[in-house]
Amino acid sequence: MGTRAQLGGEGFAAGTALRLVWETSVGRRVTDSGFAPQENVIGQVTVGSDGRIDSPLTIPEDLGGLHGVALRSGDTLVARVFFVVETSIVGITPASGPAGTPVTIHLKGVGRTSLHV
């Protein structure tokens with residue numbers, strides 16, 4: 001997606017280095033194993049001497065829906081906030097044509113990359 005956000009907070013232990021983690025799900029709903037949570041480290045944040053963080057965040061490209069953005073110190077969850085990836089249209093081809101013309105719509109933020117109607 002590449003969406004830019006700003007991650008801020010206070011009340012953290014001063015000078016602590018925290019891992020910035022993107023929480024998602026992997027798998028397929030049509031298999032016996034289904035979906036499973038997955039954490040992907042996307043950066044590191046260092047807490048200021050005042051116990052605050054203020055860090056730019058680029059949202060990873062992912063399936064649509066609710067995702068966690070977590071801060072971890074080792075295996076310990078320190079904080080979590082949520083971000084919703086919304087569906088967006090990247091492109092439509094062709095842009096025009098007579099009735100019955102096949103159309104391809106490229107979407108981001110969904111579970112499938114193509115849909116045949």
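**Close-ups of an all-strand chain**

Among contacts in the chain between residues at least 6 apart in sequence, 53% join residues at least 24 apart. Keep in mind while you look around that this is a predicted model.

**Figure 1. The whole chain, from end to end.** What do you meet as you read along the sequence? The pattern is β-β-β-β-β-β-β-β, with eight strands and zero helices. Of the 117 residues, 22% count as buried. The chain exposes about 8100 Å², and carbon and sulfur atoms supply 53% of that area.

Figure 2. Strands of a sheet pair through backbone hydrogen bonds, either parallel or antiparallel.

Figure 3. Let's start with strand 2, which pairs with strand 5 in the antiparallel sense over five bridges. Strands 5 and 6 form a hairpin, with two residues between them. Look in the turn for Gly74, which has a positive phi of about 65°.

**Figure 4. Thr24 and Ala36, across strands 2 and 3.** Strands 2 and 3 pair in the antiparallel sense over 11 bridges. Thr24 is found in strand 2, and Ala36 in strand 3. These two residues are 12 apart in sequence, and their C-alpha atoms are 8.5 Å apart in space. They do touch each other: leaving aside neighbours within four places in sequence, Ala36 is in contact with Thr24, Ser25 and Val26. The bridge partner of Thr24 in strand 3, though, is Gln38.

Is Thr24 buried or exposed? At 10% relative accessibility, Thr24 counts as buried, because the cut-off for buried is under 20%. Ala36 has a relative accessible area of 34%, so it falls between the 20% and 50% cut-offs and is partly exposed.

**Figure 5. The surroundings of Thr24.** Which residue's side chain does Thr24 join through a polar contact? It's Asp62, and the contact between the two side chains is 2.7 Å. Not counting residues up to four places away in sequence, Thr24 touches Ala36, Pro37, Gln38, Asn40, Asp62 and His67.

**Figure 6. The largest nonpolar core.** This core has 13 residues, and Phe12, Leu20, Ile53 and Leu71 touch the most other members. Strand 2 (17–27), strand 4 (53–58) and strand 5 (65–73) each supply at least two of the core's residues. Strand 2 gives the most, with three.

**Figure 7. Zooming in on Leu20.** Which residues does Leu20 touch, not counting those up to four places away in sequence? Among them are Leu7, Asn40, Val41, Ile42, Gly43, Gln44 and Val45. Leu57, Val69, Ala70 and Leu71 are also in touch with Leu20.

Terms used
Residues numbered from 1 in each chain as written. Predicted model: local features only at pLDDT ≥ 70, side-chain atom pairs only at ≥ 80, totals over all residues. Heavy atoms only, no water. Core = buried A, V, L, I, M, F, W, Y, C linked by side-chain atoms within 4.5 Å. Buried < 20%, exposed > 50% of the residue type's maximum accessible area, 1.4 Å probe, protein only. Helix = DSSP H or I, 4+ residues; strand = E, 2+ residues; numbered from the N terminus. Contact = heavy atoms within 4.5 Å. Pairing = 2+ DSSP bridges. Polar contact = N/O pair within 3.5 Å; in protein donor to acceptor, adjacent residues only side chain to side chain. Areas by Shrake-Rupley, 256 points an atom, 1.4 Å probe, with all protein chains shown as cover.
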